[in-house]
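Subject: Structure for you to look at

Hello,

Here is the structure I said I would pass on, with notes below on what was found in it. Please have the model open while you read.

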Amino acid sequence: MQPNCSAEEICASEAVAAGFRGGGRTGSSRFERPVVVQISRHSSERVVFDINDASNILLRHLDRQTEKRKIAMDACLRVLRGEAHPTSARRAFVAAALEAKILRGD
């Protein structure tokens with residue numbers, strides 16, 4: 001039985017699960033350059049090295065359902081499925097982080 005959630009949440013959950021079980025292109029989900037974000041004003045900065053970290057942040061920490069967030073989650077899922085290169089997901093993640101005002105370093 002599937003949980004009662006939107007298609008976007010299912011895709012994001014699939015992306016995180018695929019990353020944790022090693023799905024997609026193993027070893028090729030790392031970003032060429034890390035992205036630095038700060039989730040909240042009182043949290044420390046986080047360095048995002050790969051698709052798994054980015055997917056987790058998009059799914060669990062960005063509350064607003066925006067088009068940029070959806071594009072970033074879809075891009076992460078495509079990388080985990082082996083359909084895209086991490087560069088495209090990184091670019092989409094940076095755009096979503098900038099929009100959410102959590103981007104600290106690109």
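**How the helices pack**

Helix α3 passes helix α4 in a left-handed crossing (left-handed if the near helix is turned anticlockwise from the far one by less than a right angle, right-handed if clockwise). The α3 and α4 axes come within 8 Å and cross at roughly 155 degrees. That makes α3 roughly antiparallel to α4 (angles over 145 degrees count as roughly antiparallel, under 35 as roughly parallel, 65 to 115 as roughly perpendicular and the rest as oblique). Axes here are lines fitted to C-alpha atoms, for helices over the stretch in contact, and angles run from 0 to 180 degrees between N-to-C directions. From α3, the residues that make the contact are Lys68, Arg69, Ile71, Ala72, Ala75, Cys76 and Val79; from α4 they are Pro86, Ser88, Ala89, Ala92, Phe93, Ala95, Ala96 and Glu99 (contact means heavy atoms within 4.5 Å). This contact of α3 with α4 divides into 11 nonpolar, 1 polar and 3 charged residues. In these classes Ala, Val, Leu, Ile, Met, Phe, Trp, Tyr, Cys and Pro are nonpolar, Asp, Glu, Lys and Arg are charged, and the others, Gly among them, are polar.

Before going on, a note on the basis of all this. The model is predicted: local features need pLDDT of at least 70, side-chain atom pairs count only at pLDDT 80 or more, and totals for chains, interfaces and linings use all residues. Residues are numbered from 1 along each chain as its sequence is written, and side-chain values use heavy atoms, with hydrogens and water left out.

Helix α2 (residues 51-60) also packs on α4 (residues 86-99), at an angle of about 30 degrees and with the axes 11 Å apart. That makes α2 roughly parallel to α4. The crossing of α2 past α4 is left-handed. Here Ile51, Ala54, Ile57 and Leu58 of α2 meet Pro86, Ala89, Phe93 and Ala96 of α4. By class, this contact of α2 with α4 has 8 nonpolar, no polar and no charged residues.

For α2 and α3, the axes come within 10 Å and cross at roughly 145 degrees. Again α2 passes α3 in a left-handed crossing. On the α2 side the contact is made by Ile51, Asn52, Ala54, Ser55, Leu58 and Leu59, and on the α3 side by Arg69, Ala72, Met73, Cys76, Val79 and Leu80. The class count for α2 with α3 is 9 nonpolar, 2 polar and 1 charged.

**The chain and its core**

The chain has 4 helices and 3 strands, in the order α-β-β-α-α-α-β along the sequence. Helices (H or I, at least four residues) and strands (E, at least two) are DSSP runs, numbered from the N terminus. Of the 106 residues, 41% are buried (buried means under 20% relative accessible area, exposed over 50%, partly exposed in between, with a 1.4 Å probe and protein chains only). Among contacts with a separation of 6 or more, 60% join residues 24 or more positions apart.

The largest nonpolar core has 24 residues, and those with the most contacts inside it are Val35, Val37, Val48, Ile51, Leu58 and Phe93. Two or more residues each come from β1 (30-37), α2, α3 (67-80) and α4. A nonpolar core is a set of buried Ala, Val, Leu, Ile, Met, Phe, Trp, Tyr and Cys residues joined through side-chain atoms within 4.5 Å.

Beyond its neighbours within four places in sequence, Val37 is in contact with residues including Val48, Ile57, Phe93 and Ile102.

Ile102 lies in the loop between α4 and β3 and is buried, at a relative accessible area of 4%. Not counting residues up to four places away, Ile102 touches Val36, Val37, Gln38, Ile39, Ile57, Leu62 and Ala97. Ile102 and Leu62 are 40 residues apart in sequence but 9.2 Å apart in space, C-alpha to C-alpha.

Lys101 is in the loop between α4 and β3 (103-105). Lys101 is exposed, with a relative accessible area of 68%. Its phi is near 60 degrees, a positive value in a residue other than glycine.

Asp50, in strand β2 (residues 46-50), counts as buried at 14% relative accessibility. Asp50 touches Ser29, Arg30 and Phe31, leaving out residues up to four places away in sequence.

Regards
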